[in-house]
Amino acid sequence: YVLPSLVSSIDLVEREHQLVWESRRRLSATDRYAFSEQSVQEFQPALRSYHLVCMQWLATYLSDKDVLQLLRKAAVSLAPNGIIFFKDSVPMDLQDQNVKVEAHKIYRPDWYYQRLFALADLQVVKSSVMPEWPPKYHPVVAYALAPDCPTKIQTSTGGVFTIMGWDLAEGVHYHSLDSMWQQHVGEQDWYNYNQKYWEGREAKVNNPEIAAVDLEESLALLRPLFEPQTRFQRRGLDLGAGVGRVTQAVLLKLVYTVDLVDQGKHFLREAYNRLFMINPKAQYIHSAVQSYTPSAATYDLICVQYTAMYLTDEDFLGVLKKLAPALKPGGLLFVKEPISKHNKFQINRDSGHNIVRTAEHYQWLFSQAGWSIVKEARQVNWIADANPVQMFILKPS
């Protein structure tokens, strides 16, 4: 009843004839299901065939040798980004570190399963103890396993966060950053697609009502950090500036001159037409953000807004590392991006190829590039059903 909501077709393996018959009866005759009447030890799955392999309440009845063999067969049967769902009972006392044998069943503790997974070259992407389980039964632990290593990061609170994600258009789940960037989203294709997308977009401010509240909250967060008396001495940089919306309504309230960088010539032309009277000493630089290197010790404020989402992790890290030397002493970096409302990143293809990261993902990237968070806030007034937007003010560590 669970698997049909996740995959389009299912192969069922069971050696007991009566159980196979009952499964056929319950699931009805349909080409969505294929039945194999044999033991799991005998079953030989095809290579790279399955997006999900389910092993539930099975290992309890198998020897270590058979569990290990089954895990290895399941691993090589996975399609790219496939997952093994492993769920079984453990000793009654979760703190008990010993293997228990009761009534021809083997109850292995968590550490023992982790050892078997490691021997099968499988990584634990996620695990959990089943909550609200009847106390008279053995507790149950569930694991999501993958052949390649998930990206696990240290959070600012000292915890561990696993970076996983999904592609909304393709319906593909990514259980590690590497499996997404290296195997399934080619960097060249990513940027070529985005360049064509933005070349076809009109140079204007979209959704002006939403844009207004977006700008107000950005300015409110930044203004206390900049003395108004010294605005005429300050210079700013707007990366991925578009038509200059943020430059006009936020940055020029805090600095006197803002240089604008964008890969779209028509956006820069529109930005110049809008800003040349109030931003007379500015440079309008035609360049992709990831290719641009700003001059050293030049800027008091650098802005990256709704731009990091169009950059790969590697390129965004490269940008972050180039920006620190570009700041004057005491200068700040302002990053504002949508944040996934789920606990995983999202690959979207509706407005170019973009990645909506989690807050933990961004915090990790900042730390990797040598930045510290000075201030952080969530956009309050925003579209109800949309991903939330997070603001970060950063300084070099």
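Colleague: Why does Trp57 count as partly exposed?

Modeller: In this predicted model, Trp57 has a relative accessibility of 35%. Buried means under 20% and exposed over 50%, with partly exposed in between, so Trp57 at 35% counts as partly exposed. Trp57 sits in the loop between β3 (50-56) and α2 (64-76).

Colleague: What is noted about phi of Trp57?

Modeller: Phi of Trp57 is near 50 degrees, which is a positive value in a residue other than glycine.

Colleague: What makes Ala103 exposed?

Modeller: The relative accessible area of Ala103 is 68%. The cut-off for exposed is over 50%, so at 68% Ala103 is exposed. Ala103 lies in the loop between β5 (100-102) and β6 (105-107). Ala103 is not a glycine, yet has a positive phi of about 50 degrees.

Colleague: Which residues of helix α3 are buried?

Modeller: In α3 (residues 110-119) the buried residues are Tyr112, Tyr113, Leu116 and Phe117.

Colleague: Why are these residues said to be on the same side of α3?

Modeller: Their arc around the axis is only 140 degrees, which puts them on the same side of α3. An α-helix has 3.6 residues a turn, so residues three or four places apart point the same way.

Colleague: What do the buried residues of α3 pack against?

Modeller: They pack against α2, β4 (78-89), β7 (123-129) and β8 (140-146). Just after α3, Asp121 takes a positive phi of about 60 degrees.

Colleague: What is the strand order in the open sheet of seven strands?

Modeller: The order is β15-β14-β13-β16-β17-β21-β20, and the pairing is mixed.

Colleague: What makes β15 and β20 edge strands?

Modeller: β15 (284-286) and β20 (371-378) each have a single partner strand, so one side of each is left without a neighbour in the sheet. From one strand to the next, the twist averages 20 degrees.

Colleague: How do you know that β17 and β21 pair?

Modeller: Pairing requires at least two bridges between the strands. Six bridges join β17 (residues 327-338) to β21 (residues 389-396), so by that definition the two strands pair. They run antiparallel, and Val335 stands opposite Phe392 in β21.

Colleague: Which helix lies across β17, β20 and β21?

Modeller: Helix α10 (residues 359-368) lies across these three strands. Relative to β20, α10 runs at about 155 degrees.

Colleague: What is the volume of the second largest pocket, and which residues are closest to its centre?

Modeller: The volume of the second largest pocket is about 1300 Å³. Its lining has 45 residues, of which Trp198, Gln305, Tyr306, Met309 and Tyr310 are the closest to the centre.

Colleague: Which elements supply at least two residues each of that lining?

Modeller: They are α5 (187-199), α6 (208-222), α7 (245-249), β16 (299-305) and β19 (354-356). The largest share comes from α5, with four residues.

Colleague: How many helices and strands does the chain have?

Modeller: The chain has ten helices and 21 strands. Its C-alpha atoms fill a box of roughly 85 × 45 × 35 Å along the principal axes.

Colleague: What share of the residues in the chain is buried?

Modeller: Of the 397 residues, 47% are buried. As for contacts between residues at least 6 apart in sequence, 68% join residues at least 24 apart.

How values were computed:
Residues numbered from 1 in each chain as written. Predicted model: local features only at pLDDT ≥ 70, side-chain atom pairs only at ≥ 80, totals over all residues. Heavy atoms only, no water. Axes fitted to C-alpha atoms, helices over the stretch in contact; angles between N-to-C directions. Contact = heavy atoms within 4.5 Å. Buried < 20%, exposed > 50% of the residue type's maximum accessible area, 1.4 Å probe, protein only. Arc of directions from axis to C-beta. 1 Å grid on protein atoms, 1.4 Å probe; cavity = no way out; pocket = protein on both sides within 12 Å on 5 of 7 lines; lining within 4 Å. Points joined across faces, edges and corners; volume = space filled by probe spheres on them.
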